[in-house]
Structures are given as C-alpha cells and as structure tokens.
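Subject: Structure handover

Hello,

Here is the structure I promised to pass on. Please open it alongside this email.

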Amino acid sequence: MRNSSILYALKLFSSAYMGMSYRNWLENKFQNGSFDRLYRAERLVTEEIFRPKGRLIWVHVDTEDAAIGMSAFLFRITEAGFGEVLLTSEDDLLTHVREKRLPDTVIYRHAPIGTRLVVERFLSKWRPDMAIWAAPKLHFRMIHEVSKRHIPLVWLDLKLSLLDRRRWRLTPRFTRAMFKKFDLILCQDRLTQKLLRLLRIGRDKAKAIGAFHSGGGVPEDYPIERKDWQKVLKDRQIWLAAHIPPGELNTVYDAFAKAKRQAHRLLLVLHTTSARPDGLRGGQFFIADRPDASDYQREMDVVVIKERELGMWYRLAPVTYLGGNLSDAESRNPFAAASLGSALLTGPRWSRYRDLYARLDEREGLEVVAGAQSLARSVVSTLAPDRAALLAHAAWDVCTEGAQVADEAVTSIGAILGERVDQDEAA
C-alpha cells in the first residue's frame, strides 16, 4: 500500500513536469504563428467562459476520427435532454466536421493542457456535472482532478489488449486505482471486460456493449433527380467508383474494360479527385462529364459526377468501389455507402478509418481487391443481386450496431445522472 501511494505521488509530480514541458512547447508554437491566439486561449483556458445554465456534460475525445465515431452518441445524448454538451479534443476538429457531423448545440473547445493549474482552471470555469472519457489513453492529471471533485466519470469505447496487461505488471496497484476512479466503463469487447476484472473492476462497473462508430451523417439525397436517373437507366447495370484519386484512374478504367466483356450493359459512374477524369486511359470510352438525366445517351460508358451527388448514387448503385485504398492516397469513411445499401469493394491499404474497414471485413460486409483484374471480377460477381444483397446486408448490420451501442450508452449514463439527481435532492 505504501509503494502504491509513493507511485501515485510520483505520477502526480511527473504529470506536472510533463505538463510544463508541453506548455513551453506550445508557447513556442504560439510565438512563431503555428497556433493562433484563439487556440492558445482554449488550451490554457484563459478565455472568458460563458457556461450554459443547467447541467453540463463534458465529453473528451483525442482525434477527429474519434469525434466522428461518437457523433451518433452525441446526437442521442443531446436529444435525451440530459443537458448541454461540451466536447473537447486533443486534435483540432475541422470546421466541416463540427458543422455537418456534430449536433448544432454541442460546445466545442480544444482540450486543456495537462498542467495542474490549467486543468483546475478548466474544471472551475466549466463546472461539468459529468465527465465522459472517449479516448484510448488515460490522461492522469485530468482524471485525478475530476475524481478529486467527485464528478461522475464514465469511460466509453474502451478497448484493451494482452499487451496492456503485460504493461500493468509493473504497476498493478496504481493501474487498478486509476480504473476504479470511473463510475462506469463501457468496453468494446469481452476481452477488455475480462482484463478489467483482473484488476478487480466488477461487471457492475465494466460492461461490454460493443464498439462505437458512425458514418458521420448520411449524405444528401436528391429524390427527383434519382427517380429521373432510375427511369433512363432501368436497362443498365451500374457500378459506382467513388473518391478515385489520380493514381487509381488507370486501374478503374482497366477494370471497367475487363468487366464490360462479361457485363455488356455496365455503366461506370465515376467520382474522382482528378482535374482531368477523361485523361489517362479514358480515351477508349464515351465519357459524359456531369450530365443530367435528360442528357443521357445509351452510348455512354462513363458518367462523371460531382461529390454532392454521391449520396444519390450510393442509393442507385448496387456496387461501389471506394478509392484511395489501392494507392497511397487517403482512405474514405466506408459507412456512408454501407449505410445506404451499396455493396462495398475496396483495396487493402486502409490508412485512415482502419478500424471501420476491419469491422466490415470481419463481418463480410465488404470485398477486398488487389488490382484491376480482381476489381473487374468482383464488380461482375457483385452485380448478381444475391451477392450484392449479402454484402450490403452484412454491412448494414455493422452500421446499425453502432446506433444500438450509442442507445445503450445513453441509457447507462441516464441511470447515473438520475442517481446523482436523487442524491443531490436527498442531501
């Protein structure tokens, strides 16, 4: 017990030292213009705070991807009327993420740096009634200060591995003490729950409910235009290639040429990031650049579309190839297409959204291709209604699981808030 107390004190000291080093690093960034003054004020909590009246729930994430993954939960907790939501993140959330993928009422701030004075100032100014941790790493100083104020503390979407268990062997008592500061831990899987039980965290505190994930909002649809296209394309087979970078255009064109030998009525609907989608190998095809349904001609091989139209074509096309995963380009969130019923094909290089692609792959909610030849084979085989339906249904199951997990988390948090209210009234 004595060793645990000494270790805890050392951890407090080291977190304060690291926090000061981090502050010095930030100061250099502020001075050379890398970070603007608003960013500095939020990180150091020196800005004037306008805390909303009533209950405030603080939700902390680390990355932009994590914020998008929590979007379904944030919408549900806002709709449940539990109070206002303050969202903080280690990384900067881009404006379009905040405006289009998060509830309008969410208050967003950059996370405070990890010094004692800054964290204390953050908690004193915002006075959260609950803290929800949705980051994979434990920030010792934040958790310590929250616990010291007896603020209900919940960890969402926790996933541990056997490697984590090996790390605990060095400091088992300290690790147990930190986890016990949480009122509730909602785990991604049974393994995480079992590892927590080795730290004597009971099932009443650690529950395995599944993983949080989100498509970050359903893309916009244009029903009138969609019906017009359905009429003129009723005798065509449709393959959508979305978010195709310049480095994959040749692959898509080659695959299309090969697929057309077996599927003669195949139409390629192409969305590309290239400035010249008719370039490279496109000279062998009749390419229509962003036409309306009224401009359609039977001779068209390729229809190039705008990004805003993707939601409509995800609904129209039974098969979608998501670009960026056969080259070194950036991966795209697969849940938008999966949630709208299009069977997914993708390359193996899942740079971003790796967890989402892996979940779909594990449940056979997508098919992985290696190049033009296998892409052509997959397009032809997936155009068969039974194969397309099998992939789309499996992907839909994965998408809806995220909503169910968010619902269960909101119910559990509501129970804690209800107990808190009862205790306050009794006091």
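This is a predicted model: local features need pLDDT of at least 70, side-chain atom pairs count only at pLDDT 80 or more; totals for chains, interfaces and linings use all residues.

**Aromatic pairs**

Take Trp 155 and Phe 182. Their ring centres are 5.1 Å apart. Where do the two residues sit? Trp 155 belongs to strand β5 (residues 153-158). Phe 182 is in the loop between α9 (172-179) and β6 (184-187). The pair therefore ties together parts that are 27 residues apart in sequence. Trp 155 has 3% relative accessibility, so it counts as buried. Phe 182 has 1% and also counts as buried.

Next, look at Phe 256 and Phe 285. Here too the ring centres are 5.1 Å apart. The planes are at 65 degrees, so the pair is edge-to-face. Phe 256 is in helix α12 (residues 246-260). Phe 285 is in the loop between β9 (266-272) and β10 (287-289). This pair links distant parts of the chain, 29 residues apart. Both Phe 256 and Phe 285 are buried. They also belong to one aromatic cluster, together with Trp 239 and Tyr 253.

**A charge over a ring**

Arg 308 lies over the face of Tyr 222. The distance to the ring centre is 4.9 Å.

**Asn 325**

Find Asn 325 in the loop between β12 (319-322) and α14 (335-339). Is Asn 325 buried or exposed? It is buried, with a relative accessible area of 0%. Its contacts, leaving out residues up to four places away in sequence, include Glu 248, Ser 331, Trp 350 and Tyr 357. Thr 346 is another of the residues touched. The side chains of Asn 325 and Thr 346 make a polar contact at 2.7 Å. Arg 349 is also touched. The C-alpha atoms of Asn 325 and Arg 349 are separated by 4.6 Å, though the residues are 24 apart along the chain.

**His 243**

His 243 is in strand β8 (residues 237-244). Its relative accessible area is 11%, which is under 20%, so His 243 is buried. Which residues does His 243 touch, not counting residues up to four places away in sequence? Among them are His 271, Glu 307, Tyr 314 and Arg 332. Gly 323 and Gly 324 are on the list too.

Best wishes

Conventions:
Residues are numbered from 1 along each chain as its sequence is written. Side-chain values use heavy atoms; hydrogens and water are left out. Rings of Phe, Tyr and Trp (its six-membered ring) pair if their centres lie within 6.5 Å; planes under 30 degrees apart count as stacked, over 60 as edge-to-face and the rest as tilted. Helices (H or I, at least four residues) and strands (E, at least two) are DSSP runs, numbered from the N terminus. Buried means under 20% relative accessible area, exposed over 50%, partly exposed in between (1.4 Å probe, protein chains only). A charge sits over a ring if NZ of Lys or CZ of Arg is within 6 Å of the ring centre and within 35 degrees of the ring normal. Contact means heavy atoms within 4.5 Å. A polar contact is a pair of N or O atoms within 3.5 Å; within protein, one must be able to donate a hydrogen and the other to accept it, and residues adjacent in sequence count only if both atoms are side-chain atoms.
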